[in-house]
Amino acid sequence: QDGEYGILMKTLANPFWGAMGTGVEDGAQSAGVEYFIQAVESDQAAEQQLNVCNTMLQREPVAMITAAINSTNLLPCLSAAQESGVPVVDLDGNLDPAILEAEGIEIAFRIGSDNLAAGAQGADYMAEQLGADATGPVLIIEGLSGNMTGQARVTGFSERLAELAPGLEVVASLPGDWDRGKAATITNDILIRHPDLVGIFAANDGMALGAVESVFAGGRGGDVVIIGVDGNSDAVRSINDGRLTASVAQLPYLVGLQAVENVAKVLAGEDVPDFIQVPTMVLTQEILEAGTEPMLEFVR
Amino acid sequence: MMSIETANTKRAPAPVGLWRRAQAASQERLHLRLESLVVLVGLCVIMTVLSPFFLSVSNFLNILLATATIGVLAIAATFVISSGGLDLSLGSVMGLSGVVGAYVAVTLGAPAGFGVVGCLAAGAAAGFINGWLVTRAGVPAFIVTLGMLGLARGLALVISDGRVIYGLPAELVYLGQGRPFGIPMPVFILLATALACHYLLAYTRFGRYTLAIGDNETAVRTAGIKVERHRVILYTLSGGLAGLAGMLFMARINAGDPTAGLTYELTAITAAIIGGTNLFGGRGSILGTLVGALIMGVLQNGLNLLAVQSYYQQMAIGAVLILAVFIDQYQSRRETRV
Amino acid sequence: MMSIETANTKRAPAPVGLWRRAQAASQERLHLRLESLVVLVGLCVIMTVLSPFFLSVSNFLNILLATATIGVLAIAATFVISSGGLDLSLGSVMGLSGVVGAYVAVTLGAPAGFGVVGCLAAGAAAGFINGWLVTRAGVPAFIVTLGMLGLARGLALVISDGRVIYGLPAELVYLGQGRPFGIPMPVFILLATALACHYLLAYTRFGRYTLAIGDNETAVRTAGIKVERHRVILYTLSGGLAGLAGMLFMARINAGDPTAGLTYELTAITAAIIGGTNLFGGRGSILGTLVGALIMGVLQNGLNLLAVQSYYQQMAIGAVLILAVFIDQYQSRRETRV
Amino acid sequence: MSVLTLSGIRKSFGAVDVLHGVDLTVAEGEVIGLVGDNGAGKSTLMKTITGMYRADAGKIELDGQSILHLDPGQRRALGIEMIYQDLALAKQQDVASNIFLGREPVRRFLGIVPGMVDKRTMDRKAQEMIDRLGAHLPSINRPVGSFSGGQQQTVAIARALTFDPKLVIMDEPTAALAVREVQSVLDLIKRLKGQGISVILISHRLNDVLGVTDRIVVLRQGVATANLVTSQTSMAEVVSAIVGGQDMAHAAEHEAAG
Amino acid sequence: MSVLTLSGIRKSFGAVDVLHGVDLTVAEGEVIGLVGDNGAGKSTLMKTITGMYRADAGKIELDGQSILHLDPGQRRALGIEMIYQDLALAKQQDVASNIFLGREPVRRFLGIVPGMVDKRTMDRKAQEMIDRLGAHLPSINRPVGSFSGGQQQTVAIARALTFDPKLVIMDEPTAALAVREVQSVLDLIKRLKGQGISVILISHRLNDVLGVTDRIVVLRQGVATANLVTSQTSMAEVVSAIVGGQDMAHAAEHEAAG
Ligand SMILES: Nc1ncnc2c1ncn2[C@@H]1O[C@H](COP(=O)(O)OP(=O)(O)OP(=O)(O)O)[C@@H](O)[C@H]1O
Ligand SMILES: Nc1ncnc2c1ncn2[C@@H]1O[C@H](COP(=O)(O)OP(=O)(O)OP(=O)(O)O)[C@@H](O)[C@H]1O
Ligand SMILES: [Mg+2]
Ligand SMILES: [Mg+2]
């Protein structure tokens, strides 16, 4: 069981992945294993990530924990890892089981939380806040065009919302490119057209917080339900301040922590489930104030 | 550059008296090409027809607000490009500045004024290093500023540990969200910056040397002007303006975001070029750049109001961009260029 | 451009016989600046010292494999830039090509050969449109290719509906993952492309006209060469090479990815400029570009092997980039430039 | 037989009218001097012949065939060469590359791959041409941008003369040249004439013009105002035609004798 | 009193040695002709005076003070102006901008904001200067790149003469000029001399050089090989000094009389 774990993230320039990195660190520390973390510049750098993955294999790690940017970009590297007998963990669940089967790649286990479900949880909460028979315009701020994570969250949200509260009309679903400023501008623009906006769902917390600033600067603070995804520390602060309504926390810290712990088990020959689902939770002001939710410990 | 006209250039149409005179006056007095204004107005008319929400004071303020950050960056780009240089680090330096400002004002807890100084100083310092490397070490501007792009972004991430620094003092937030007389502060700051910079580029010696260096560096050197020093000042100015943009962005979103400004340099350069700046130097106008930035702002705003779907937005922006510049420069292309 | 030396340029050091001769021969015969090779080798030596994993055949193949896509794009950039043009759409067109190829081979189920043709044709078509707009409509290359950047990316997303198109026929996958003689196919393709393009740029009329157009378009026109037609061909070639890069990437990951190649244009242009291409035209060499791409590949690979954390990687790459070009061009800077 | 016939050539740039209907004929082996004040339109007129400018109105015929629809490359192929006043050299390229631009000899690489430019042949021929012009270049492998004014002028001249033209237009070819090189060029013009090649020589060095031309055409503000047979005219007449009849006896005298 | 003293100036570009130790003195109000073959090093020598090149060795003194450590701007401020052979104009800028480059008059905008370039004054003075040179420009508000060769030359000359220099170096100022404009420039040189301004005139038009200079210095392959008093020399002597004693009687004769 000597040797390093290779951990390949998407990017670290994002609190979500930062928190996951911290989780990995803590997990490795408590399990007493060596590891090295690599990441690429952005969560769109698919080919670079493949190149980094190949390079990591040169260091002959004992296990690879990879958060693939999309369902295919790491495949050649993963099959190379399999050939040299390195177990692979799918961090954050970006790999498609069907494709893995087609490629003949067997992974040790999959760990993460479901982005589709996270989006749906956002819709649940919005419907709960506004009421199932509520009517009014809703804005969706997407991530970067073509980004899988963002797409899943947005799809989950809009599908569930249509089910739960058909009166809430999604009037626009626009790309914020993960950029706070762009999200703020989009919010401004849509407020012009729909001053009676009742809800905003953003595909991550950063954009949600940009939207918050626009809503407050536009004098509509408190009237619009704004929901982000991730559960960042600054989102938590904003919720505490009564600005952001809620964030669907994915507990990335916990994902990182459990990933390493379970790899250690795999290497020790123990059994682990194929899919370790880390729950998501909706962070709201009440929950934060109450502070009783056990999962809160893992919110970073 | 082209002293010889191509064989298939046609004769210019007979000048339409009034239009020609207005054009010449605008160019001569204001250093603004009237055509780009026409394109801007045309775009506004189209948007008004397409969307009932477009034509309103609040939407115009909204467009101006959305243009503020990019507008300031585009002004920075105009200075450097019209001198024959290039600054690819604008977006990163903007991100770095915001983080430094927020770090000073939040993490260190210094008074708001220091936050502003932090932004500007961080930007100017990065710009100074760019200028120094370009002129003294003689490394091409493309490489230097691309290197700075990586350096500044990395530094911003290191300082902020990859997280946003949230929760600025109220005075700072006012700079981004305040609305004296109902007009957003960033709009005031953008317009004031644009006017001051326009004066600087169009009417002062400094501006003349900037354009002349972009036109023929050797000629400027023979005139006894210190070209190297001038370039260093230009890059420093450009960095300082990126710092200002960083401050605006930070104040607007009430946080120092290490990933702010990603790929903004391209948009900024685009606005400058739409505004008539010559990518190879020698020509440039801040008012033109402002118009260019507004053209892009109106386009983006219109597409948002129309709720055009994201894939199609990218395509529409690309196509309209080409078309706008085509129309804008149609006439000057038909006439002889130098 | 600079016909007058600056006042503070110092005298060149006395020529070191052998080195100078080797340098001149390399430049004259191979159109390759020896200095950049020295920088590449130096970087390899440093990495070997720093990391025990660096020096191995498999790691070198790994570096070459990682350089294949960017290398092909950088070759495309070299052609356009050395003619005084610019192609910002390279990365997007690469993405579009991969999607088109995958669409043809997977969604339409056409034979693998058509997939290859689809990639190349999509790229060349985009390039042709670029060239046409630049020369016939007279819109600046920056704007045209930036517009194409948006158009191609949007189209790729529309065609693929924002998802990767997975599951290529085995023949296509072989082009990306096959390893005849243990050497990855993309490496073969990169090297073959580089050799052919080097021949084209350095030794044929076509290449000479390309460089001459970048140097003085008017002079080329007076020589009776059809500059417009040549430029259209150059952009088409550039687009076709981007299509090839798209095919390589598609084959490598066994899928057409609509987001492939995001911001690759910048990296490609960087490799070309490290390799000695003049951003303003008139100078360029494909072998040089290949060396430039490898410098970036080795740097990236080394930093990954050292497991440098990603924030610091960005900074390190930025700094080393500036330093490498500084060293590379140190000597030529000390001597008189034209 | 007239080789070249221009009639009624007009040209303006935007609001600036430059040529107001110029007629000109050049016979085979004839050397024409084209003189005129600065800005008279000489260079502009010549560029309409090579196709760099498109005339707004008028006819241009070579050997009786209109060439108006031809592009510069086709006109060059028909044998019209020009030495441009601004030289039009690719400054980062070396001498041979400039001289052979657009006409590079090719051979097969390794006997198989076609299309390889034969640099060795180019260098050799370029050196020959430079020697013929009696010029000294420090090295023909340096970029021409590093050459002195006169050296660059020489390269431009060599470029126009290497490919057996039918008509050579020289726009102030000797402006930057030293005494001896000027002589070489004038001798060359005489040799060209001997070979039946027509020459249009634009020059402000009236001595030279009077020395080598058969006929002198004076352009004044875009109009051909005088057409003088060289053997029957004088410096004074030419000068007064250029300046438009003002008294320039002093100038003429200086030009003629220093 | 000698205004300018050069001694032992050496300069090479990489492997090319251009100047091998040149000495030169210019007295107040003296007009020196600097002549020599193409590539002799005339332009290079002059650029070491204005500071555009740094001499590898040697001394340069203005009014007895070394100016070696000064940058081009400081030297210009001391009164050294030069008309460069390649004109060195900013082609996209108009006439006044070029003439006043580096010396723009400023005023206050709206009486308050300082630093506004006074374009109207510039235009007026520029027009005056152009008129003094006897040149015709279609409009002084057009970019100089659209001007004819001679018109651009005129702008370059105007630039060097507008600011009361102490020493004017003219590198082939009349190469592109027509007869009358040449006369204006020669007259101007005489006027400058009358005002005690020193002039170094580089020209291949030996007539002009013999006509206006006091002394003629011949540069040959980077060495000053002859120093002739104009009133005591002849065309033949100058020509043979330039070409290095070869028989150039024919050339001299042509130069002298056409
Ligand atoms: N591209 C252009 N755009 C606008 N005006 C031009 C252009 N080219 C030339 N002109 C104008 O046309 C007129 C004629 O120019 P041209 O170059 O033909 O003169 P020229 O007779 O060759 O003069 P020179 O003896 O000085 O070379 C000049 O007044 C010039 O300013
Ligand atoms: N920047 C440079 N780099 C290399 N060589 C140069 C450079 N400038 C000039 N030379 C060389 O130095 C020599 C002298 O050039 P210079 O321009 O001083 O000649 P010149 O006497 O002015 O000639 P001309 O009468 O043709 O103008 C020439 O052989 C030229 O090729
Ligand atoms: Mg002319
Ligand atoms: Mg000279």
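Biologist: Is Gln85(D) buried, partly exposed or exposed?

Modeller: This is a predicted model, and the label rests on relative accessible area, where buried means under 20% and exposed means over 50%. Gln85(D) has 25%, so it is partly exposed. Ser43(D), at 17%, is buried.

Biologist: Which protein atoms are the donors of the magnesium ion, ligand 3?

Modeller: To read a metal site, list the N, O and S atoms within 2.8 Å of the metal; water is not among the atoms, so a site may look incomplete. For ligand 3 the list holds OG of Ser43(D) and OE1 of Gln85(D), at 1.9 to 2.1 Å. These two residues are 42 residues apart and link distant parts of the chain: Ser43(D) sits in helix α1 of chain D, and Gln85(D) in the loop between β6 (80-83) and α3 (95-99).

Biologist: What angles would be ideal at a metal?

Modeller: The ideal values are 109.5 degrees for four tetrahedral donors, and 90 or 180 degrees for six octahedral ones.

Biologist: Turning to ligand 1, why is its site described as shared between chains?

Modeller: Look at which chains supply the surrounding residues. For ligand 1 they come from chains B, D and E, so the site is shared. The shell has 23 residues, and the closest are Lys42(D), Ser43(D), Thr44(D), Ser148(E) and Gly150(E). Two elements each supply at least two residues of the shell: α1 (42-50) of chain D and α5 (149-161) of chain E.

Biologist: Which polar backbone atoms lie by ligand 1, and at what distances?

Modeller: A polar backbone atom of Lys42(D) is 2.7 Å from an oxygen atom of the ligand. Ala40(D) places a backbone N or O atom 3.2 Å from a ligand oxygen. From chain E, a polar backbone atom of Ser146(E) lies 3.2 Å from a nitrogen atom of ligand 1. Taken alone, the ligand exposes 640 Å², of which the protein buries 93%.

Biologist: How many of the shell residues around ligand 1 are nonpolar, polar and charged?

Modeller: Six are nonpolar, 13 polar and four charged.

Biologist: Between which chains does ligand 2 lie?

Modeller: Chains C, D and E. Around it are 23 residues, the closest being Ser148(D), Gly150(D), Lys42(E), Ser43(E) and Thr44(E). Side chains make polar contacts here: a polar atom of Arg142(D) lies 2.8 Å from a ligand nitrogen, and an N or O atom of Lys42(E) lies 2.7 Å from a ligand oxygen. The protein buries 93% of the 640 Å² that ligand 2 exposes when taken alone. The elements giving two or more residues to this shell are α5 (149-161) of chain D and α1 of chain E.

Methods: Residues are numbered from 1 along each chain as its sequence is written. Chains are lettered from A and ligands numbered from 1 in the order in which they are written. This is a predicted model: local features need pLDDT of at least 70, side-chain atom pairs count only at pLDDT 80 or more; totals for chains, interfaces and linings use all residues. Side-chain values use heavy atoms; hydrogens and water are left out. A residue is near a molecule or strand if one of its heavy atoms lies within 4 Å of it. A polar contact is a pair of N or O atoms within 3.5 Å; within protein, one must be able to donate a hydrogen and the other to accept it, and residues adjacent in sequence count only if both atoms are side-chain atoms. Accessible areas come from the Shrake-Rupley method with a 1.4 Å probe; for residues, only the protein chains shown count as cover. Helices (H or I, at least four residues) and strands (E, at least two) are DSSP runs, numbered from the N terminus. Ala, Val, Leu, Ile, Met, Phe, Trp, Tyr, Cys and Pro count as nonpolar, Asp, Glu, Lys and Arg as charged, and the others, Gly among them, as polar. Donors are N, O and S atoms within 2.8 Å of the metal (3.2 Å for Na, K and Ca); water is not among the atoms, so sites may look incomplete. Buried means under 20% relative accessible area, exposed over 50%, partly exposed in between (1.4 Å probe, protein chains only).
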